[in-house]
Number of protein chains: 10
Amino acid sequence: MTDPTSDILESFENPYPGRDYVIETVAPEFTSVCPKTGQPDFGTLTITYIADRKCFELKSLKLYLQQYRDHGAFYEQVTNLILDHLVGVIEPRWIRIQADFTPRGGLRTSVTVEHGHQPD
Amino acid sequence: MTDPTSDILESFENPYPGRDYVIETVAPEFTSVCPKTGQPDFGTLTITYIADRKCFELKSLKLYLQQYRDHGAFYEQVTNLILDHLVGVIEPRWIRIQADFTPRGGLRTSVTVEHGHQPD
Amino acid sequence: MTDPTSDILESFENPYPGRDYVIETVAPEFTSVCPKTGQPDFGTLTITYIADRKCFELKSLKLYLQQYRDHGAFYEQVTNLILDHLVGVIEPRWIRIQADFTPRGGLRTSVTVEHGHQPD
Amino acid sequence: MTDPTSDILESFENPYPGRDYVIETVAPEFTSVCPKTGQPDFGTLTITYIADRKCFELKSLKLYLQQYRDHGAFYEQVTNLILDHLVGVIEPRWIRIQADFTPRGGLRTSVTVEHGHQPD
Amino acid sequence: MTDPTSDILESFENPYPGRDYVIETVAPEFTSVCPKTGQPDFGTLTITYIADRKCFELKSLKLYLQQYRDHGAFYEQVTNLILDHLVGVIEPRWIRIQADFTPRGGLRTSVTVEHGHQPD
Amino acid sequence: MTDPTSDILESFENPYPGRDYVIETVAPEFTSVCPKTGQPDFGTLTITYIADRKCFELKSLKLYLQQYRDHGAFYEQVTNLILDHLVGVIEPRWIRIQADFTPRGGLRTSVTVEHGHQPD
Amino acid sequence: MTDPTSDILESFENPYPGRDYVIETVAPEFTSVCPKTGQPDFGTLTITYIADRKCFELKSLKLYLQQYRDHGAFYEQVTNLILDHLVGVIEPRWIRIQADFTPRGGLRTSVTVEHGHQPD
Amino acid sequence: MTDPTSDILESFENPYPGRDYVIETVAPEFTSVCPKTGQPDFGTLTITYIADRKCFELKSLKLYLQQYRDHGAFYEQVTNLILDHLVGVIEPRWIRIQADFTPRGGLRTSVTVEHGHQPD
Amino acid sequence: MTDPTSDILESFENPYPGRDYVIETVAPEFTSVCPKTGQPDFGTLTITYIADRKCFELKSLKLYLQQYRDHGAFYEQVTNLILDHLVGVIEPRWIRIQADFTPRGGLRTSVTVEHGHQPD
Amino acid sequence: MTDPTSDILESFENPYPGRDYVIETVAPEFTSVCPKTGQPDFGTLTITYIADRKCFELKSLKLYLQQYRDHGAFYEQVTNLILDHLVGVIEPRWIRIQADFTPRGGLRTSVTVEHGHQPD
């Protein structure tokens, strides 16, 4: 099992680079594996960003996220890793990822990471 | 198939131009065509604005949006194009368009564009 | 059919004029007539204000709003007109009216007007 | 513009023909055209059936329903026509179609048609 | 003010008379007048029927219901009267009207009337 | 404090006695007193009936229910007592009362009583 | 730790034994212990019954259910045991207990047990 | 009938006076009497505060609010009066009361009063 | 990748075999793979049964369902296969599986299969 | 019964200490005991924090919270005590605990405590 790679992520040129506008993609079918128990984790990723020169091509974003299906990582790691990958590929003006995981042991956890400053 | 045109958009004189007030129109039956797959896309447009001298006549706004029924464009393009058209016709003090598209490939995407500054 | 008049609106003395506090009344049974088609429009009015010396007597407010049942006016006009009437009668420190109309032609529209500045 | 045809509908062999079981597909992005006004109608189709020897292939069902995008027909006609087409292609033991259309003129209408008898 | 009349109701020929199928129209903007207080009443009418030879033309149904806007009648009377009118015009195999009125004096009332027998 | 009496309940003649139809009134502001603790109880009464010769006049029904505001009785008693009173006054073909009380001690209780047989 | 006992359950005489009526008590704060893992389980019990000669006194029912706070038993056992206890104390004409437990390991389980026959 | 008095309100010492923290109590079973009609009013009080040296003892708060059961006062008066009483007893750093009353005459009203400044 | 096997399913002895009672387990984190596209499918399984001599041990049921994570099968096949497996292991008096899959291509599909007869 | 101790809380090294990001864990199965009545209290804890060098290990957090199952403390005490414990173990940059307790005596109470300053 190879590690998730950002090589799979494709982008297209921002059609309106002169304007700050917000793109949000919600991925309710995210799943990875708990590195401690080997059990699958499930969650919803909400990716919100203001593009600079590039936007995410959605089919490649879907395939990128599917790489985590057999990947073992804790909630905090996986959310930060995805942020690093997404930032590396499109260098957005601002981006935020909120990961809401389903309950485990009666506890429900979410992780929210951000890069750059959200314009007012 | 001709491209959508703002010529179809009609306006009427703002009856209270001395007051900044907010008009919001929600269009839950917006549909266009994906230029890549040729499949129809569906979404809800929320158009919020503060008029200057002109307000949108609602029937013409409906007909304007229906022009996209057979128009092929990506989410980012179509939302920005509509903003440009609406701004060109009524030159509002402020306007924002939020386009919420229905899920494709398990991903749900929205685009939010804005022109001018929203008063406090 | 006579035009709606603010003469019907009654007020009582603000029992706590020394304190800025918020009164909100929601009227979900507002109806007027479209001046273009002659068809009835329906909506919900949310009236929020900080009184100065006078508060609205609620029964008279209900009767005032019922005057619009056979009155023909566009959304933008009717909302601003009601604001002017309410301001004229009680001269509040701050008041806001949000009018949410039911869908027509697949479009759902609301108008929000304000008078004075809302305290922080 | 040609009429919708059931030729586009594909099926596959029912993998468990010895068992009565229920398959339900909901299509929330159905759109056709009002033959009277030329305006688009929108609705949600819920197709529920017990297969006999054949099941619907879902991609072809999607393409079949997209044929109505530029087809003009009243609610009652279009729902019955789809039932006839679906019955003709897979000859199910039982099938029901419920079509819930979005409001027009303040009225919201649905049509429910059925073929065969639903087992207890 | 004249009484509501069923003369305004139009019908069209049932396109599939050989099949028992259900048509349901929801009218959430029904309003009449309380004969006792003179105050407006508001409610939602749900009209469900199986046509025999005729179906209701929806625009005429809307106009028919608007006749009650200035008509004074108690909940029980108005609901039964509408049933009688609708039955008289299209003679359906079965029809049911549920009228849900908004609260008055802290009490919320609905009336449900039926004509003919609903097929199993 | 006198006991609640059905003398206060008024009725009017059923305008359509030849037809079995259902009238339902929901009273979400019912309150009585716990005879054990002296604390107020709160609940929602749903009264559903098919009239014979008489229907409840709604204002008198409201006043009848307000008599319980200072009346001490257990849930089971108060619900059955109201049924007896209502039956005594209008002798309906069928009537059902569902009383849903708000939580006490972490437990939420409802009582449902019926008189006569509900037609199919 | 002693086992839960029905000795703690108190009843009072059914005030209307001549009438079949339904009493339902919902206990959303039920908790017991998993005998396998020692971890607490949480759930909502819905107890519905038609009394014969006796009704449950609610405070004693609350205390009875609190006995399970440190009691170890599987879902199927605990639900059936409670049914046996309740039946033993009031011998109802009919009773049903539905126990809805919160998710464990991504699975959400409920158990529904019944004694006697529910009248039509 | 005596007027509501704050004498009934008890407090206990704030266990963590060195820390600004928020306590919120929601009372959904508030009822008073309309001084004009004599009819009962119902509402939900939401009391939010930052304690200084004292916190409200909840049982006494419940009994304090029950005093309004037979007290006649307009919405604006009763909400401000409760604020004055609560402030007088515990002298909080900040307190806000929001009173949401149930609909009367088709209008739904709330009153929000505040004392002191809410920390950022 | 081996096929899912029922060998992994464990059971325990029904603690109350003399009573027909219903056990329902909802598994909202079911995922398999589309055999046509290789893309993951997601869904919620609702398993409802009346045990005869054996009940499902929940942890083994969870592990059994996880076997489908990399298994390719159509909706109709996978639901029927799971039913066959579950029936083979515990031979219940009655069992039903409802599988609700998330939307693909704008269509949302569910499959419901049953074995044995549900007691009245 | 010993007092809850923070010794049971385990942490792991923050994998991304160079980035301010938010971790939120919701514990809907919190239960403690009322010191006055001896009755169990139930609530939902929402713990939100920005880690500095350490993050909470979730299983130990679950076990830590279970210590309160037989612990007697008032709402205000228990919420502040948990905050002190959590702060002592991981010394976060910012942390907030919101405790929402289920209704008692018709009143529903929540307590919100915070340590450090939430970054903008």
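Q: What makes D:Glu91 partly exposed?
A: D:Glu91 has 15 other C-beta atoms within 10 Å. A residue is buried with 20 or more and exposed with 12 or fewer, so D:Glu91, with its 15, counts as partly exposed. The model is a predicted one.

Q: Where does D:Glu91 lie, and what is its phi?
A: D:Glu91 lies in the loop between helix H2 (75-90) and strand E5 (94-101) of chain D. Its phi is positive, about 40°, although D:Glu91 is not a glycine. Most residues other than glycine have a negative phi.

Q: How do you know that the span of H2(D) agrees with its number of residues?
A: The expected span is 1.5 Å times one less than the number of residues, so the 16 residues of H2(D) should span 22 Å. The end C-alpha atoms of H2(D) are 23 Å apart, which agrees. Just after this helix comes D:Glu91 with its positive phi of about 40°.

Q: Which residues of H2(D) are buried?
A: The buried residues of H2(D) include D:Tyr75, D:Val78, D:Thr79, D:Ile82, D:Leu83, D:Leu86 and D:Ile90. An α-helix has 3.6 residues a turn, so residues three or four places apart point the same way.

Q: What can be said of helix H2 in chain F?
A: Helix H2 (residues 75-90) of chain F has 16 residues and should span 22 Å at 1.5 Å a residue, and its end C-alpha atoms are 23 Å apart, which agrees. Among the buried residues of H2(F) are F:Tyr75, F:Glu76, F:Asn80 and F:Leu86. H2(F) is followed by F:Glu91, whose phi is positive, near 40°.

Q: Why does G:Tyr75 count as buried?
A: G:Tyr75 has 22 C-beta neighbours inside 10 Å, and the cut-off for a buried residue is 20 or more, so G:Tyr75 counts as buried. Its place is in helix H2 (residues 75-90) of chain G. Leaving aside neighbours within four places in sequence, G:Tyr75 is in contact with G:Ala99, G:Phe101, G:Thr109 and G:Val111. The C-alpha atoms of G:Tyr75 and G:Thr109 are separated by 8.3 Å, while the two residues are 34 residues apart along the chain.

Q: What makes E2(B) and E3(B) a pair of strands?
A: Two strands pair if there are at least two bridges between them, and 10 bridges join strand E2 (residues 22-33) to strand E3 (residues 40-50) of chain B, so the two count as paired. They run antiparallel, and B:Ile23 has B:Tyr49 in E3(B) as a bridge partner. E2(B) and E3(B) form a hairpin with 6 residues between them, and B:Gly38 in the turn has a positive phi of about 75°.

Q: How do you know that E2(A) pairs with a strand of chain B?
A: 5 bridges join E2(A) to strand E6 (residues 108-115) of chain B, and at least two are needed, so these strands pair, running antiparallel. The bridge partner of A:Thr25 in E6(B) is B:Thr109. In chain A, 16 residues are in contact with 13 residues of chain B, and the largest share of the side of chain A that touches chain B, 7 residues, comes from E2(A).

Q: What makes the relation of chain A to chain B that of a five-fold axis?
A: Chain A can be laid on chain B with an RMSD of 0.0 Å by a turn of 72° and a shift of 0.0 Å along the axis. That is the relation of a five-fold axis.

Terms used
Residues are numbered from 1 along each chain as its sequence is written. Chains are lettered from A and ligands numbered from 1 in the order in which they are written. This is a predicted model: local features need pLDDT of at least 70, side-chain atom pairs count only at pLDDT 80 or more; totals for chains, interfaces and linings use all residues. Two residues are in contact if their C-beta atoms, placed from the backbone, lie within 7 Å. Helices (H or I, at least four residues) and strands (E, at least two) are DSSP runs, numbered from the N terminus. Copies are superposed by least squares on the C-alpha atoms of residues with pLDDT of at least 70 in both.
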